[in-house]
Amino acid sequence: MTDVRVIMGSASDIEVAKKVTKILRKFDIDYEVSVISAHRALNVLEETMGKDDTKVYIGIAGMAAHLAGVMAGMTIKPVIGLPVGGSNTSGLDALLSMVQMPKGVPVATVALNGGDNAALLAIQILALSDENLSQKLNDYKKEMLDKVIEDDKNLEEI
């Protein structure tokens, strides 16, 4: 079983996907990445979602960005929407299409281009049933705290 499946709507989303996979690798999370358009390859998406071999999904898309919502409509597993900025509306269209889901079809949505947070949210979901992973998350949070404290100590007069 794959822990996290990352599905991009198009290959143009690869830079955002790299943010996700970098964090997943840091935590030794098993993942798979695919490019599957909900609009141009719906049958491929249906086949992929029908395998039921994934614990958490991340759908990455820009513009109309219906990918994560379509994925959520095909599974009871958690789906995290990762909107990509850069279209004529700077990504607002992608963001709104993910957060404005109809009742009964939730998509947990992170910030525009927020690949790090999408990965971390997936890891937090997985950590609910994995003590080792939970400890790794606690260590990661401690590293962030230590960095802030260090940055504060090194702050020069402004």
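## Stop one: a threonine on a helix

Leaving aside neighbours within four places in sequence, Thr-21 is in contact with Tyr-31 and Val-33, where contact means heavy atoms within 4.5 Å. Thr-21 has its place in helix α1; helices (H or I, at least four residues) and strands (E, at least two) are DSSP runs, numbered from the N terminus. Buried or exposed, which is Thr-21? Thr-21 is buried, because its relative accessible area is 8%, and buried means under 20%, exposed over 50% and partly exposed in between (1.4 Å probe, protein chains only).

Before moving on, a word about the model: it is predicted, so local features need pLDDT of at least 70 and side-chain atom pairs count only at pLDDT 80 or more, while totals for chains, interfaces and linings use all residues. Residues are numbered from 1 along each chain as its sequence is written, and side-chain values use heavy atoms, with hydrogens and water left out.

## Stop two: the nonpolar cores

Now select Val-4, Val-20, Phe-27, Ile-58 and Ile-60, the residues with the most contacts inside the largest nonpolar core, which has 27 residues. A nonpolar core is a set of buried Ala, Val, Leu, Ile, Met, Phe, Trp, Tyr and Cys residues joined through side-chain atoms within 4.5 Å. Two or more residues each come from β1 (2-8), α1 (14-26), β3 (54-62), β4 (79-84), α5 (115-127) and α6 (131-153). Colour α5 separately: this helix gives the largest share of the core, 7 residues.

Centre on Ile-58 next. Beyond its neighbours within four places in sequence, Ile-58 is in contact with residues including Val-4, Val-20, Met-71, Leu-82 and Ala-122. Apart from this core lies another, of 17 residues, and Ala-41, Met-49, Tyr-57 and Ala-68 are among them.

Which residues lie nearest the centre of the largest pocket? Select Gly-9, Ser-10, Ala-61, Gly-62 and Met-63, which belong to a lining of 19 residues. On a 1 Å grid over the protein atoms alone, a pocket is an open set of points where a 1.4 Å probe fits, with protein on both sides within 12 Å along at least five of seven lines; lining residues have an atom within 4 Å of a point. The volume of the largest pocket is about 310 Å³, and its lining divides into 7 nonpolar, 10 polar and 2 charged residues.

For the second largest pocket, select lining residues including Asp-3, Phe-27, Lys-55, Asp-130 and Lys-136. About 160 Å³ of space lies here. Helix α6 gives the largest share of this lining, 3 residues, and the lining as a whole divides into 5 nonpolar, 2 polar and 5 charged.

## Stop four: two serines

Jump to Ser-90, in the loop between β4 and α4. Ser-90 is exposed, with a relative accessible area of 54%. Ser-90 touches Gly-85 and Leu-112, once neighbours within four places in sequence are set aside.

Finish at Ser-97, in helix α4 (residues 92-99). Ser-97 is buried, with a relative accessible area of 18%. A polar atom of the Ser-97 side chain lies 3.0 Å from the backbone oxygen of Ala-94. Leaving aside neighbours within four places in sequence, show Ala-64, Ala-65 and His-66 to see what Ser-97 is in contact with.

Conventions. A polar contact is a pair of N or O atoms within 3.5 Å; within protein, one must be able to donate a hydrogen and the other to accept it, and residues adjacent in sequence count only if both atoms are side-chain atoms. Grid points are joined across faces, edges and corners, and a volume is the space filled by probe spheres set on the points. Ala, Val, Leu, Ile, Met, Phe, Trp, Tyr, Cys and Pro count as nonpolar, Asp, Glu, Lys and Arg as charged, and the others, Gly among them, as polar.
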